[in-house]
Amino acid sequence: MSSRLGPGFLQGYDRATLRGDAMAAVTVTAYLIPQVMAYAALAGVPPQAGLVVIIVTMVLYALVGSSRVLSVGPESTTALMTAAVLAPLALGDTSRYLALAATTALLVGGFAILAGVLRLGFIGELLSRPVLIGYLAGVAVIMIISQAGKVTGVEMAGQTVLQDARSFATNLVADGPHWPTLVMGLSVAALLLILTPRFPRVPVPLLVMLAATLAVAILDLQSIGITIVGPVTVDGLQLGLPSLDTDDLRLLLLPALGIFIVGYTDNIATARAFAGRHGERIHNNREFFGLGAANAGASLVGGFPVSSSASRTVIADASGARTQMYSVMSAVLVLVCILLFSGVIASFPVAALGGIVVYAAIRLIDVREFRRLWRFRRREFLLGLAAFVGVLVFDILYGVLAAVAISIVELLTRVARPHAAVLGQAPEVAGWHDIDDYPTARQIPGLLIFRYDSPLFFANSEDFARRCRQVIDGTEPRWFVLNMEGITEVDITGLDALEDIRAHCESRGIVMALDHVKSEVWADLERHGVGVRIGRARIFPTHPTAVAAYEAWLESGSG
């Protein structure tokens, strides 16, 4: 019998889905154990902390979120952003770093819940596709650089990605790599790149990690400098709210906002992609609450900011997951592994975890998408390239804000110079169309119908006025009819421009009229006053009614 009592794992759950969810839980658990440990290390916290965080976050998202298969927990981008933000603030103090990480997660959760209350679902659409592609490629490069020391055994230190790269290069030239560590790290990354695409249903990361762990034990690689994770235990787990220092909160507000925007964008994009495959619907605002609950939960166990994992979601979906019950089962299995197999997990080599991060980073660089942007439009490609460079030059946090700014500026440039057309009737097709598209289109003498295909607001008000004057002065019509079908929104600056055109027509003895005016836009016209000055008698629902009014005006002798 199906249960419909909740939005999360109970949604759509029945006994028929249990087998698929159970199989998915086993497969995802095998995959995520080494993965979340690697991402925890990437975030700058003990690797085993990732296991505690994944238990809490998977359960909380299952209870609150709207996606049936999305896997929420530690993931590469938010982990890297956390490290980039906190390293300069902690100044090498491990206890302070962990407290800052938990506080950042709490702030991210707070931002998400606040956004859900305010119903700000559009935030997930602030990053355009080209900008997102470039941003992820930049993040991938930073991830690889951040793991270079772990994979090669070379000491490195810096506050920015460029300083990290410079430090790594200097020490590599001076001291050379630690060869056993280098072989271990690169072998893991190479095996994952080769085997994972060929065996998508096999927990390749876990098998590779177990092989690396076995090699460390059999060959006694610790004696030649291979580092392992160390004890895995829940002893000393920091439960409850982190200590909230006022100065720290002020320092972390902007970084937490950036992490929240990126985390939610990733969350909603991944959730939508998989919902589309199954004809399901993702609720933007509920996703805020799901992400907020997961981050708040991570904070309460001394964790760090989290988001969704596309790779774990792919595996869950391919393994038969149909509800979030698989996440609850997986969380239980992780707990069992901590309690019964902590010795094996403690023997994982750190270089192998670094190899997993390098593998994940390489997968973020979508060369085919860059090629597609280049073929489609050079401007789109340059947007992606700008986001890529911005992340590297300004570091990841300000690179995110730069990427959002680039998306908004790109949108404004499109809306600021939209398509506009003089309309006529073409004999080969019904209706009124752009005379540039249909050279045979006929215009009614003395009647000029002009369409502006954009909301009318401050960014394009000057362009609107200029183009209206251009067509009016070029043809000197008796009537100027502005088709407002594409003008779905207006602001006071745009309406001031409309008033300028009305006055321009009046000074030349031209009658100005409007057609296809939406009711909410007309209300704004009336409040502004330009609608009153044009007059209700000159507002028409369609082109034919405007034409009929013009012809009646001619017959009455008014012209």
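Predicted model: local features only at pLDDT ≥ 70, side-chain atom pairs only at ≥ 80, totals over all residues.
Biologist: Where does Arg414 lie, and which residues does it contact?

Modeller: Arg414 belongs to helix α16, residues 378-416. Helices (H or I, at least four residues) and strands (E, at least two) are DSSP runs, numbered from the N terminus. Contact means heavy atoms within 4.5 Å. Setting aside neighbours within four places in sequence, Arg414 contacts Arg377, Arg379 and Glu380. Arg414 and Ala403 are eleven residues apart in sequence, and their C-alpha atoms are 17 Å apart in space.

Biologist: How is the length of a helix checked, and what span is found for α7?

Modeller: The expected span is 1.5 Å times one less than the number of residues. Helix α7 has 17 residues (179-195) and should therefore span 24 Å; its end C-alpha atoms are 24 Å apart, in agreement with that value.

Biologist: Which residues of α7 are buried, and against what do they pack?

Modeller: An α-helix has 3.6 residues a turn, so residues three or four places apart point the same way. In α7 the buried residues are Thr181, Leu182, Met184, Gly185, Val188, Ala189 and Leu192. These buried residues pack against α5 (129-152), α8 (204-219) and α14 (350-364).

Biologist: How do α5 and α14 cross?

Modeller: Axes are lines fitted to C-alpha atoms, for helices over the stretch in contact, and angles run from 0 to 180 degrees between N-to-C directions. The axes of α5 and α14 come within 8 Å and cross at roughly 165 degrees. That angle makes α5 roughly antiparallel to α14, given that angles under 35 degrees count as roughly parallel, over 145 as roughly antiparallel, 65 to 115 as roughly perpendicular and the rest as oblique. The contact includes Leu136, Met143 and Val151 of α5, and Val350, Gly354 and Leu364 of α14.

Biologist: What is the strand order of the open sheet, and which strands stand at its edges?

Modeller: Strands of a sheet pair through backbone hydrogen bonds, either parallel or antiparallel. Here two strands pair if DSSP finds at least two bridges between them. The open sheet has six strands in the order β4-β3-β5-β6-β7-β8, with mixed pairing. β4 (432-434) and β8 (539-540) are the edges: each has a single partner strand, so one side of each lacks a neighbour in the sheet.

Biologist: In which sense does β5 pair with β6, and in which sense with β3?

Modeller: β5 (residues 447-452) pairs with β6 (residues 479-483) in the parallel sense over five bridges, and Ile449 stands opposite Val481 in β6. Helix α18 (residues 492-507) packs on the sheet, touching β6 and β7 (511-515), and its direction makes about 140 degrees with that of β7. Helix α21 (residues 543-555) also packs on the sheet, touching β3 (420-425), β4, β5, β6, β7 and β8; its direction makes about 170 degrees with that of β6. The pairing of β3 with β5 is antiparallel, over four bridges, and Ala421 stands opposite Arg451 in β5.

Biologist: How many residues of β5 are buried?

Modeller: Six of the six are buried, so β5 is largely enclosed by the rest of the structure. Both faces are covered, with Leu447, Ile449 and Arg451 buried on one side and Leu448, Phe450 and Tyr452 buried on the other.

Biologist: What are the phi values of Leu91 and Glu476?

Modeller: Most residues other than glycine have a negative phi. Leu91 has a positive phi, near 55 degrees; it lies in the loop between α3 (76-90) and α4 (94-118), and is exposed, with a relative accessible area of 72%. Glu476 also has a positive phi, about 45 degrees. Glu476 lies in the loop between α17 (461-475) and β6 and is partly exposed at 46% relative accessible area.

Technical notes: Residues numbered from 1 in each chain as written. Heavy atoms only, no water. Buried < 20%, exposed > 50% of the residue type's maximum accessible area, 1.4 Å probe, protein only.
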